[in-house]
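Hi everyone, thanks for making time. I'd like to walk you through one structure today, so please have a look at it first.

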Amino acid sequence: MWLRATNRRVQKAKSILKCLLCIPVTLCVFYLISSCVRILIGYIPMDKCSLESAEMLSVDYSVDTSLDLWSRSDVQTCTSWKAPILWDGMFDPDLYDQMHKKKGSSVALTVFAVGRYLDAYLKTFLSSSERHFMLGLPVTYYVFTDEPEKVPDMKLAPQRSIRVIKVEKNSRWQDVSMMRMKTISDVIESDIRHHCTHVFCFDVDQVFTGRFGSEALGESVALLHAYYYHLPKMLFTYDRNPNSKAFMKTGDFYYHAAVFGGSWKSIKALTEACYQSIMEDKLKNVEARWHDESHLNKYLWLHKPSRVLSPEYCWDTSIGYRRDIRVTRLLWAPKHYDTLRT
């Protein structure tokens, strides 16, 4: 009897040990499968540009006709509405820099650093932007934060300045994300439109690692999401709730809300429209699947961007190697959502 009890305890211990061993094995298998899937996705071919030359593009500037659409036969270099999709090797950066200096272009960069995001990311974001963002052009950083006194005191290059604007801290990070649309619209009306020709809006949890230059300026600029640009449209994560103003059955691309830009008039129209849609959803107690990004995608489907940036302009290294990503200009910083969003 004692022996049977001992055997039962031994068998129970073995079962528990097997379960404990299964957990890391399962995690390893899942990680390997996920990595393999990400690699295989990179081999799904993109559509190809149907234009014979850049002279057939619907251009923002005359210099856009110098784009070499067929220098990158491995990727899609134009949209169906004849807007360019910018990839490394397609453009001469000096031509764009010279043209924008002659035109007197100037850029407002907006970024929100609220709560723990300020301590975790803002200094690195600003320091890296000083090394890589729109060099040679006047740039004004508009930093929106709930703690202005904690914004780092930085030495900026000539023709570059920083304006710190206090905002309220929302109780949920989703509301911070969505309400930025109204804040940006208001500041464009009160300030930016008097000083800058263009606006670029960024998430703060990113780091500039290469040239993010004047070639990216345009009337309306969208960014291909790094996780979706090779996937078929049926897998795009548009909002599928017909009760939401962000509802989409299909679209052109899946755009990333971490980066968008354009002329101040264009960005004012975009942010006003997205904010209005968000508020209409709130009245119905509806929240779009990916918050302001869902509303951004809906707006850019209805109002086609005049310029699209490749994922070089916002890349996540955890995706792994992709042969079509020759350079990285902006990288996702390591995410710590478990602590930052609480």
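I'll go through the sheet, then one methionine, then the aromatic rings. Keep in mind that this is a predicted model.

Let's start with the sheet. It is open, with eight strands in the order β1-β9-β7-β8-β5-β2-β3-β4 and mixed pairing. At the edges sit β1, residues 85-86, and β4, residues 160-166, each pairing on one side only. Helix α3, residues 116-132, packs on this sheet and touches β2, β3, β4 and β5. The direction of α3 makes about 175° with that of β3.

Now, the methionine. Met248 lies in the loop between β7 and β8. Is Met248 buried or exposed? Its relative accessible area is 2%, so Met248 is buried. Looking beyond four places in sequence, Met248 touches Tyr238, Asp239, Arg240, Asn297, Lys298 and Trp301.

On to the rings. There are 25 aromatic pairs. In one of them, Phe212 and Tyr313 have ring centres 5.0 Å apart and planes at 90°, so this pair is edge-to-face. Phe212 comes from the loop between β6 and β7, and Tyr313 from the loop between β9 and β10, so the pair ties together parts 101 residues apart in sequence. Both residues are buried. They also belong to a cluster linked by ring pairs, along with Phe125, Phe133, Phe200, Phe202 and Phe208.

Definitions and conventions. Residues numbered from 1 in each chain as written. Predicted model: local features only at pLDDT ≥ 70, side-chain atom pairs only at ≥ 80, totals over all residues. Heavy atoms only, no water. Pairing = 2+ DSSP bridges. Helix = DSSP H or I, 4+ residues; strand = E, 2+ residues; numbered from the N terminus. Contact = heavy atoms within 4.5 Å. Axes fitted to C-alpha atoms, helices over the stretch in contact; angles between N-to-C directions. Buried < 20%, exposed > 50% of the residue type's maximum accessible area, 1.4 Å probe, protein only. Phe/Tyr/Trp six-rings, centres within 6.5 Å; stacked < 30°, edge-to-face > 60°.
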